[in-house]
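Look at the chain below before reading on.

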Amino acid sequence: MIDLRSDTFTKPTEAMRKAMYEAEVGDDVYGEDPTMNRLRDMGIEITGKEDALIVSSGCMGNLIPHMIKGGRGKEVLCAASSHIVCHEIGAIVSLSGTLPVIVPSDNGIMRSDDVEKNIHGYAYDMSETSMIEVENTTSGLIYPDSTLKDIKKIAENHNLWVHMDGARIFNASVETGIPVKTYASYSDDITFCLSKGLGCPAFSILASTKDFIKEAKRCRKILGGGMRQVGILAAAGIYALQHNVERLRDDHRHREEISKALSETTWADIVISSTNMIFFRSQYPIENIVEAFRKKGMLFLKDGGMGRIVLSMNVSDKDAEEAVRIIRETRVEEF
């Protein structure tokens with residue numbers, strides 16, 4: 001099977017497994033796991049922030065900032081399609097008490113003037129804007145550098161916190177050539193995943209100021225995220241950051257090849273094709289298309305009313321070539 005469902009289906013390579021096996025470990029709750037500490041330091045260096053915290057997942061990395069900078073009576077400005085709204089089971093409301101306020105966006109990318117229009121300060125009968133959340137990449141799309149700069153300036157003018165969900169920030173970086181450190185400078189905190197395209201079995205890194213991370217550790221504990229001898233997983237993260245970032249270019253190249261094949265069909269109308277993701281609509285039922293391709297040995301997902309294809313290290317050059325062949329040979333009668 002050619003698995004194009006998500007980059008979350010990646011598996012550790014033999015070299016990564018070896019690094020995990022050989023990892024030196026200690027009690028991370030007490031700050032005594034040397035491999036975790038090394039990974040934390042890499043997160044600090046990559047983002048340019050003062051401090052960093054390793055959390056179990058991107059969902060935890062997104063929730064903690066809302067617990068610290070949001071809360072009851074506070075609201076966060078974000079796009080309707082953002083992960084914190086669509087794919088985190090309402091955690092920012094149920095666990096942090098922060099109200100998400102939807103800002104108009106173009107496939108998840110907000111315009112700075114729309115962000116500013118939705119900011120309001122104190123009123124005794126209304127929630128108060130305290131945060132802005134940007135997601136980079138969002139559905140594979142990269143936030144324009146100028147927009148991020150403008151949003152950060154607006155936030156500073158209104159004394160607001162900017163959280164960047166940078167789950168796939170390395171995809172944005174290798175595509176644009178803009179360092180992760182530069183992207184991180186457009187936010188007060190940033191979280192990025194070590195799973196997904198980087199191929200780790202777990203972990204995200206949350207980076208910000210020393211005071212913020214000090215409080216974030218308490219929030220991680222509240223959420224049950226204190227971990228013990230987890231250097232075996234941190235070793236996977238270290239390996240990924242050393243070996244799997246530049247290879248994201250292969251995923252982007254495979255996306256281009258598959259996107260071109262889809263664009264040449266009579267049944268796929270591409271909505272998004274960027275970094276490692278493709279979203280397409282069709283005049284035929286998406287679920288029928290998904291099933292037809294499953295029978296041919298190619299897996300992808302229905303996402304809302306669209307088909308979603310995600311490239312990852314699971315997909316070799318040969319797999320990408322085979323996916324292109326299958327797309328080109330598929331006929332509408334099969335739907």
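The sections below cover the model, the sheet, the cores and one annotated lysine.

## The model

This is a predicted model, in which local features need pLDDT of at least 70 and side-chain atom pairs count only at pLDDT 80 or more, while totals for chains, interfaces and linings use all residues. Residues are numbered from 1 along each chain as its sequence is written, and side-chain values use heavy atoms, with hydrogens and water left out.

UniProt lists residues 3-280, in an unreviewed entry, as "domain: Aromatic amino acid beta-eliminating lyase/threonine aldolase". Such annotations may be inferred rather than shown by experiment. This span is 42% helix and 19% strand, and its end C-alpha atoms lie 17 Å apart. Helices (H or I, at least four residues) and strands (E, at least two) are DSSP runs, numbered from the N terminus.

## The sheet

Seven strands form an open sheet with mixed pairing, in the order β2-β10-β9-β8-β7-β3-β4. Two strands pair if DSSP finds at least two bridges between them. Because β2 (51-55) and β4 (99-103) at the edges each have a single partner strand, one side of each is left without a neighbour in the sheet. From one strand to the next, the twist averages 25°; angles run from 0 to 180 degrees between N-to-C directions, with axes fitted to C-alpha atoms, for helices over the stretch in contact.

Strands β8 (residues 161-165) and β9 (residues 189-193) run parallel and are joined by three bridges. Met164 has Ile190 in β9 as its bridge partner. Helix α7 (residues 145-157) packs on the sheet and touches β7 (128-135) and β8, its direction making about 165° with that of β7.

## The cores

A nonpolar core is a set of buried Ala, Val, Leu, Ile, Met, Phe, Trp, Tyr and Cys residues joined through side-chain atoms within 4.5 Å. The largest one has 59 residues, and Tyr183 is one of those with the most contacts inside it. Helix α11 (residues 231-243) supplies the largest share of this core, six residues. Apart from it lies another core of 25 residues, including Phe280 and Met298.

Not counting residues up to four places away in sequence, Tyr183 touches several residues, among them Asn136, Met164 and Ile169. Contact means heavy atoms within 4.5 Å.

## Lys196

The UniProt annotation "modified residue: N6-(pyridoxal phosphate)lysine", from an unreviewed entry, covers Lys196. Lys196 is found in the loop between β9 and β10 (204-208).

Is Lys196 buried or exposed? Lys196 counts as buried because its relative accessibility is 15%; buried means under 20% relative accessible area, exposed over 50%, and partly exposed in between (1.4 Å probe, protein chains only). Among the residues that Lys196 touches are Asp7, Thr8 and Arg168.
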